[in-house]
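These notebook entries record what I looked up in the structure and how each term was defined.

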Amino acid sequence: MATSTTKVPAGGTPPGPPGEPSARGTARRRGALLHRLDIKGAPYAFVAPFFVVFAAFSFYPLVYTSWISLHDVELATLDVMEWVALDNYVDLWGDSRFWNALRNTVTIGVISTVPQLLMALGLAHLLNYRMCASLFFRVASLVPYATSVAAAALVFTMIFERDFGMINWALGTVGIDPVDWEADKWPAQVAISTIVIWRWTGYNALLYLAAMQAIPADRYEAASLDGASRWQQFTHVTVPGIRSTIVFTIVLSTIGATQLFGEPLIFGQGPNGVTGGADNQYQTLGLLLYEEGWKNYQMGRSATVAWAMFLLLILVFVVQRLIKRLRSRTS
Amino acid sequence: MTTQSLPARTDVRGGTAAEKPPGRGGRRLLRQRAGRQHHAGPLAYVLLGIMALLSIFPLYWTMVAASTDNTRVSQTPPPFLPGPNLFSNLARAWDEAAMGKAMVNSLIVAGVIALSTVMFATLAGFAFAKLRFKGRNALLMLVIGTMMVPPQLGVVPLFMMMSELGWSQQLPAVIFPTLVSAVGVFFMRQYLSEALPDELVEAGRVDGAHSLRIFWSIVLPVARPAMAVLFMITFVHAWNDFFWPFVVLDMTNPTVPVALTQLSAGYVRDQSLIMAGALLGTLPLLVMFVVFGRQIVSGIMAGAVKG
């Protein structure tokens, strides 16, 4: 049907004589109209589902969060909103739990991200060699990525158990006293970071590997002609060659780190999880958000924490931009 | 398959832009030139072996712990070899800990999300890659920009929205917010702009096919390998998603990760039961990785930012 109507002009048939306004002509015009509508409209129709769903379930909630954060809302009576202006923010500013959660989020973020990306870089370098069983090693490094936060956190919680955990047992065999991984602040943060590192190192390594394989070989040839050692080639050719991927992974890991929730929650085993340990020693902003909303039933305060997390993210990116600009000015 | 689509296929199957050999002779030549392709020495194998061990060991040990009993798990030295109770523990986790229901729920949730993500991402990816329209670049930048917005931040209004819709503790509450993914759109756009020749789309137009028809009979066959990869990656993410399902679902109707937290939060901690649950919840994805590991690896690499 559509085929015949549009084929007519395409086939180059001369237009009918002027005195004969045939049905064929109107059909052709309608066909042309439909065709134009299709050409103009279809692309928007194709991208629309993404934007509709995003607007409804991501953008609108994000904006509405700021509105809720200016109100008192209780979990039991979600439709009753009492205007309190900036009270929630003032309270949050004066709340030591907020500053504690902020500090924990930053420290766990650093402990988990920096080693993770450095190890991923090394792993990608190794995977980039020509070797037997390269597919096996790639899939093996991706196995943790297939494991859910919940399952991974449960296993590592047992491995880090104080009394019978494998780590303390191994430490004991070399004469080191057992560590209380949950109750002490820094051990707990290290243990939680270990879960994050385990899950994401292989994934990041594959991103780096893809970028490394796209580096033209002649850059390496030029470097080795200049007498660069393998290490110098790595620092002067490989790392600059995958710079944009490194930035990409830093951005992704930073976003992930500010949102950290499941690992500390499960590591705390039950009631201790939401508060991030008995003394909040590993409570992150994500946990605080949940505690305010779904344990203390204060949705307004919860929204305030969410908004604070968003500001933190923006701040991190502004700082990163500034560093980048300063660097490019100095070099 | 025609030669035109060959580079695109190798792209998804495991190669990268650097190795797109037209023929066999060229492949060897290109291999040597692509990237740094030194042979791995013994040290590299040792380091990679350690890495593989560290990656796999926690899962192996999950299996060990799930196959013994609670008393054995709580002794030192910890068990390193499997015990006899694997199947009875798995059965207990399935029945007692609601893992059975959770698995079915997760299958529905992840299946629907993956299907719809693939469909909408392919549609949008095709439009962004091959169709001309006003504001195309701006809209594409917007898609990429949405990746920077963590969904967790809108959780309070989303929760209120779901209780208003009557979807609290229901699967649609988990499904609807994740029906699309920016990463998916970008991934399909990257793939189709390389894999789908402009001439094919033009030929369809000359034949008078409308856009949806072109999508159906020209784009879909070309996009199929990438769609399969995107399906699997999205499935993994949806199956493992934690924060939002944890907030909006409860134990009467959980997904796998939600059921696992409840399993561990009980007063009497039966460690081997917990590990059996964790193993059960991970098993489907592990099987998928063993069978389709090559495609998943290359899909993740193809989605990477290069250069």
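How many residues does the contact take from chain B and from chain A? I found 93 residues from chain B and 85 residues from chain A, two residues being in contact if their C-beta atoms, placed from the backbone, lie within 7 Å.

I noted that this is a predicted model, in which local features need pLDDT of at least 70, side-chain atom pairs count only at pLDDT 80 or more, and totals for chains, interfaces and linings use all residues. Residues are numbered from 1 along each chain as its sequence is written, while chains are lettered from A and ligands numbered from 1 in the order in which they are written.

I then looked up the side of chain B that touches chain A. Its largest share, 14 residues, comes from α15(B); helices here are DSSP runs (H or I, at least four residues), numbered from the N terminus. I counted 63 nonpolar, 25 polar and five charged residues on that side. In this scheme Ala, Val, Leu, Ile, Met, Phe, Trp, Tyr, Cys and Pro are nonpolar, Asp, Glu, Lys and Arg charged, and the others, Gly among them, polar.

Next I turned to one helix pair. The axes of α10 (residues 182-195) of chain B and α12(B) come within 10 Å and cross at roughly 150°; axes are lines fitted to C-alpha atoms over the stretch in contact, with angles from 0 to 180 degrees between N-to-C directions. The two helices are therefore roughly antiparallel (over 145 degrees). Among the residues that meet, I noted Gly184(B) and Phe187(B) in α10(B), and Val219(B) and Thr234(B) in α12(B). By class, this contact has ten nonpolar, two polar and no charged residues.

How values were computed:
Angles under 35 degrees count as roughly parallel, over 145 as roughly antiparallel, 65 to 115 as roughly perpendicular and the rest as oblique.
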